[in-house]
Amino acid sequence: MNPIKQIYKLSPLLFCLLVVACGTKKQVEKEPITSDNLSQIYGMRITSSDNEMLYAEGAKWLGVPHRYGGSNKQGVDCSGFVSILYEQVYGRQLSRSSADMLKHDCRKISRDELKEGDLVFFRTEGGRKKSPNHSGIYLKNGKFIHTSTSRGVMVSSLSEPYYLRTWVAAGRVK
């Protein structure tokens, strides 16, 4: 048989092998997420009495860059992150902007009433002090998870001077 005809005859098989070979990825075993892993990731003790799903889902987003209007792991803004994480963990859909979350989805609470999963709101730019433009989800021990414009998704402390200065309110989702 003519060598060229043999190549044409085998080309579908060669193509399939090439596609399969290129698409095969070595399976990387991920460590199972445990309270100990989460404690290391967050730098605070996470126990079975904590909402481990909140910490586990949040950990998957740590380091994702900030992107205004973003809503995926390529880039996400603060309200997009809060909305996505809240829906993943609590199955509740929230408004898309920080101001609307506080206005429509929450009842205001005081700082000393904060519990895991409550929302925290800040005014980081000029404008009306009562209208937040930044939000995060409270974890515990004065820490919250949010998206920073400079560092992406991260955990910060409410006692940092910046967040003390820009604080607007805390809210518990209705």
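## Close-up views of a predicted model

**View 1. Helix α3 is mostly covered.** Seven of the 10 residues of α3 are buried, where buried means under 20% relative accessible area, exposed over 50% and partly exposed in between (1.4 Å probe, protein chains only). The buried residues of α3 are Leu54, Tyr55, Ala56, Glu57, Gly58, Ala59 and Trp61. Helices (H or I, at least four residues) and strands (E, at least two) are DSSP runs, numbered from the N terminus. After α3 comes Gly63, with a positive phi near 90 degrees. This is a predicted model, in which local features need pLDDT of at least 70, side-chain atom pairs count only at pLDDT 80 or more, and totals for chains, interfaces and linings use all residues. Residues are numbered from 1 along each chain as its sequence is written, and side-chain values use heavy atoms, with hydrogens and water left out.

View 2. The crossing of α2 and α3 is left-handed, that is, the near helix is turned anticlockwise from the far one by less than a right angle.

**View 3. Residues of α2 meet residues of α3.** On the α2 side are Ser35, Leu38, Ile41 and Tyr42, and on the α3 side Glu52, Leu54, Tyr55, Ala56, Gly58 and Ala59; contact means heavy atoms within 4.5 Å. By class, this contact has seven nonpolar, two polar and one charged residues. Ala, Val, Leu, Ile, Met, Phe, Trp, Tyr, Cys and Pro count as nonpolar, Asp, Glu, Lys and Arg as charged, and the others, Gly among them, as polar.

**View 4. Asp50 forms a salt bridge with Lys140.** The closest N and O atoms of this pair are 2.9 Å apart; a salt bridge is a side-chain nitrogen of Lys or Arg within 4 Å of a carboxyl oxygen of Asp or Glu. Asp50 lies in the loop between α2 (35-42) and α3 (52-61) and Lys140 in the loop between β5 (134-138) and β6 (143-148), so the pair ties together parts that are 90 residues apart in sequence. Asp50 is buried at 12% relative accessibility, and Lys140 is buried at 17%. By this rule the count is four salt bridges.

**View 5. Asp77 and Arg96 meet in a salt bridge.** The N to O distance is 2.9 Å. The pair links distant parts of the chain, with Asp77 in the loop between β2 and α4 (78-90) and Arg96 in the loop between α4 and α5 (98-105), 19 residues apart. Asp77 is buried at 6% relative accessibility, whereas Arg96 is partly exposed at 36%.

**View 6. Asp118 and Arg172 meet in a salt bridge.** Their N to O distance is 2.8 Å. Asp118 lies in the loop between β3 (106-109) and β4 (119-122) and Arg172 in strand β8 (residues 167-173), 54 residues apart. Both Asp118 and Arg172 are buried.

**View 7. Lys73 lies in the loop between β1 (71-72) and β2 (75-76).** Lys73 is partly exposed, with a relative accessible area of 40%. Leaving aside residues up to four places away in sequence, Lys73 touches Lys60, Trp61, Val64 and Pro65. Lys73 and Val153 are 80 residues apart in sequence and 9.9 Å apart in space, C-alpha to C-alpha.
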